[in-house]
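Q: I have a new structure open and would like to go through it. Can we start with the charged side chains?

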Amino acid sequence: MAQAQVDVALVNFEKILPAKLSEAQARNDRATKEYDRNLLIRRQSPGALSERELFNSQAERDATAAAVMQAEAVRISGEAELKSAEATRNQAKLDLDNTTLYAPFRGEVTDVLVQAGGYVQAGTPVAHLVSMDPIKIRVSVSAETNRRINRGDPVGLTIPDREDVVVVGNVYQ
């Protein structure tokens, strides 16, 4: 997608905007020549051309000159858009090169939520992972402890002779 935006911005900057600028310049050249011609006629034969016709040709010349300036500004904006699209593409490539998916446990992917090549934000789930070697341990606890335990709470399993947690799991029922 980022490359497509660069391609669109490149076509716009290299082909479309220069054509629009050329068109605006051609219109301005024609309007300027028309105004100069009308001004010459007015000077040589004062009655041959009305003041209104001269004013209209001057207004057309000024309007087309403004259109040339606007087309040039749009061309400059197109260049900035191209540079921005290239920077976005380069960042996307860098992000892709630095992308690695890590699972919190060994397991099997049961459902893929994002297809290859898709875009996600950091922290967005991309697949469902199911543990393939679960251990089920039944324990009995007091009623008071039972009230404090919720389904899904993390639980650590320790062995009496060892101080460290051997297995970390979750309350199932």
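Q: Which residue does Glu 34 form a salt bridge with?
A: Glu 34 pairs with Arg 37, and their closest N and O atoms are 3.1 Å apart. A salt bridge here is a side-chain nitrogen of Lys or Arg within 4 Å of a carboxyl oxygen of Asp or Glu. This is a predicted model, where local features need pLDDT of at least 70, side-chain atom pairs count only at pLDDT 80 or more, and totals for chains, interfaces and linings use all residues. Residues are numbered from 1 along each chain as its sequence is written, and side-chain values use heavy atoms, with hydrogens and water left out.

Q: Where do Glu 34 and Arg 37 lie?
A: Both are in helix H1 (residues 2-44), three residues apart, which is about one turn of the helix. Helices (H or I, at least four residues) and strands (E, at least two) are DSSP runs, numbered from the N terminus.

Q: How exposed is Arg 37?
A: Arg 37 is partly exposed, at 43% relative accessibility, and Glu 34 is partly exposed too, at 35%. The cut-offs are under 20% relative accessible area for buried, over 50% for exposed, and partly exposed in between (1.4 Å probe, protein chains only).

Q: How many salt bridges are there in the whole structure?
A: A search finds six. Among them, Glu 51 meets Arg 42 at 2.7 Å, N to O, and Lys 83 meets Glu 79 at 3.8 Å.

Q: Where do Lys 83 and Glu 79 lie?
A: Both belong to helix H2 (residues 51-97), four residues apart. Lys 83 is exposed, at 52%, whereas Glu 79 is partly exposed, at 28%.

Q: Changing topic, where does H1 bend?
A: H1 bends by about 40° at Asn 12. The bend is the angle between axes fitted to the seven residues ending at a residue and the seven starting there.

Q: And which residues make up the largest nonpolar core?
A: Five residues: Val 6, Ala 9, Phe 13, Leu 82 and Ala 85.

Q: What does Phe 13 touch?
A: Not counting residues up to four places away in sequence, Phe 13 touches Pro 18, Arg 75, Gly 78, Glu 79 and Leu 82. Contact means heavy atoms within 4.5 Å.

Terms used
Core = buried A, V, L, I, M, F, W, Y, C linked by side-chain atoms within 4.5 Å.
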